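Work through the exercises below with the sequence and the model open. Each task is followed by a solution in steps.

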Amino acid sequence: MDSVVSDASAVSDADTGSVTGIPAQPQAPAADLFRRDTASAAAQPDAEDGAQDWQLDHTRAPIATKIVVAGGFGVGKTTFVRAVSEITPLQTEALMTRASEATDDLTATPDKLTTTVAMDFGRITLDNDLVLYVFGTPGQQRFWFMWDDLVRGAIGAIVLADTRRLTDCFPALDYFESCGLPYIVAVNHFEGTELFEADDVREALTVPAHVPVVIMDARKRYSVVESLLAMVAHALEHTPE
């Protein structure tokens with residue numbers, strides 16, 4: 001009988017949260033537990049490594065702008081986007097075949113094996129809350145029908161030029177002149193070619209005096225960034241509102 005009573009007492013003590021010889025611990029009210037959990041969750045940083053302050057503010061969306069990079073075939077548009085993009089760029093490269101020999105002149109770029117058949121796309125953050133999306137257009141005439149869609153919503157354009165074949169960028173210059181979109185000319189200087197001054201290129205292309213002409217290297221990020229900044233500054237002058 002005594003053993004039964006002892007067992008019952010042990011079960012009763014266990015149910016009340018106490019053990020023989022150890023005093024029962026006071027239980028916190030449910031409201032206190034909820035507040036404690038909420039405070040603990042608030043203390044956890046809702047951030048990823050390397051995130052910007054504005055990226056963590058869910059009430060503040062970054063300002064997104066768009067620039068189009070155009071020019072002739074093989075002038076360096078894909079290289080331009082690849083060099084500056086902070087994300088893995090979207091590229092629509094296809095192998096070149098004999099079917100394009102009659103239309104795609106590889107004299108200046110004999111080692112070129114692929115070509116853009118739709119567009120290139122990259123992204124770069126220029127300021128704390130200014131994100132720039134860069135779209136590269138296909139250069140061949142058979143893809144020009146896509147330009148209207150790629151240009152829609154852009155604040156400006158960069159026309160890449162190769163001094164060995166300046167006539168290849170004339171269609172892009174005519175296009176942006178006709179649609180009224182602000183643009184600059186960026187001369188992509190290739191190794192082993194003669195380096196010309198910006199004023200000489202301006203005269204050869206008969207570009208208006210208000211249109212910036214810069215000399216750059218599409219393989220180097222800092223050079224591409226400088227070209228983008230020149231384009232943004234020119235767009236702000238052209239349409240300050």
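Two residues are in contact here when they have heavy atoms within 4.5 Å of each other. The model is a predicted one.

**Exercise 1.** Find the element that holds Ser-223, decide whether Ser-223 is buried or exposed, and list its contacts beyond four places in sequence.

Solution.
- Step 1. Ser-223 belongs to helix 8, which covers residues 221–238.
- Step 2. The relative accessibility of Ser-223 is 7%. Buried means under 20%, so Ser-223 counts as buried.
- Step 3. With neighbours within four places in sequence left aside, Ser-223 is in contact with Met-216 and Asp-217.

**Exercise 2.** Describe helix 8 by its span and its buried residues.

Solution.
- Step 1. Helix 8 has 18 residues. From first C-alpha to last it reaches 26 Å, close to the 26 Å expected at 1.5 Å a residue.
- Step 2. Its buried residues are Ser-223, Val-224, Val-225, Ser-227, Leu-228, Met-231, Val-232, His-234 and Ala-235.

**Exercise 3.** How are helix 4 and helix 8 oriented to each other, and which residues make the contact?

Solution.
- Step 1. The axes of helix 4 (residues 77–84) and helix 8 come within 9 Å and cross at roughly 100°.
- Step 2. Angles of 65 to 115 degrees count as roughly perpendicular, and the two helices are therefore roughly perpendicular to each other.
- Step 3. Helix 4 contributes Phe-80, Ala-83 and Val-84 to the contact, while helix 8 contributes Arg-221, Val-224, Val-225, Ser-227 and Leu-228.
- Step 4. Sorted by class, this contact has six nonpolar, one polar and one charged residues.

**Exercise 4.** Locate Val-207 and describe its surroundings.

Solution.
- Step 1. Val-207 sits in the loop between helix 7 and strand 7 (213–216).
- Step 2. Val-207 has a relative accessible area of 8% and is buried.
- Step 3. Not counting residues up to four places away in sequence, Val-207 touches Tyr-183, Val-185, Arg-202 and Val-213.
- Step 4. Leu-173 is 34 residues from Val-207 along the chain, yet their C-alpha atoms are separated by 8.6 Å.

**Exercise 5.** Which residues of the largest nonpolar core touch the most other members, and which element gives the largest share?

Solution.
- Step 1. The core has 23 residues, and those touching the most other members are Val-159, Leu-173, Phe-176, Tyr-183, Val-185, Leu-205 and Val-207.
- Step 2. Elements that give two or more residues include strand 5 (156–161), strand 6 (183–188) and helix 7 (198–205).
- Step 3. Helix 6 supplies the largest share, four residues.
- Step 4. Another core, of 22 residues, lies apart from this one; among its members are Val-81, Ile-184, Val-225 and Val-232.

Note on methods. Residues numbered from 1 in each chain as written. Predicted model: local features only at pLDDT ≥ 70, side-chain atom pairs only at ≥ 80, totals over all residues. Heavy atoms only, no water. Buried < 20%, exposed > 50% of the residue type's maximum accessible area, 1.4 Å probe, protein only. Core = buried A, V, L, I, M, F, W, Y, C linked by side-chain atoms within 4.5 Å. Expected span 1.5 Å × (residues − 1). Axes fitted to C-alpha atoms, helices over the stretch in contact; angles between N-to-C directions. Parallel < 35°, antiparallel > 145°, perpendicular 65-115°, else oblique. Nonpolar A, V, L, I, M, F, W, Y, C, P; charged D, E, K, R; others polar.
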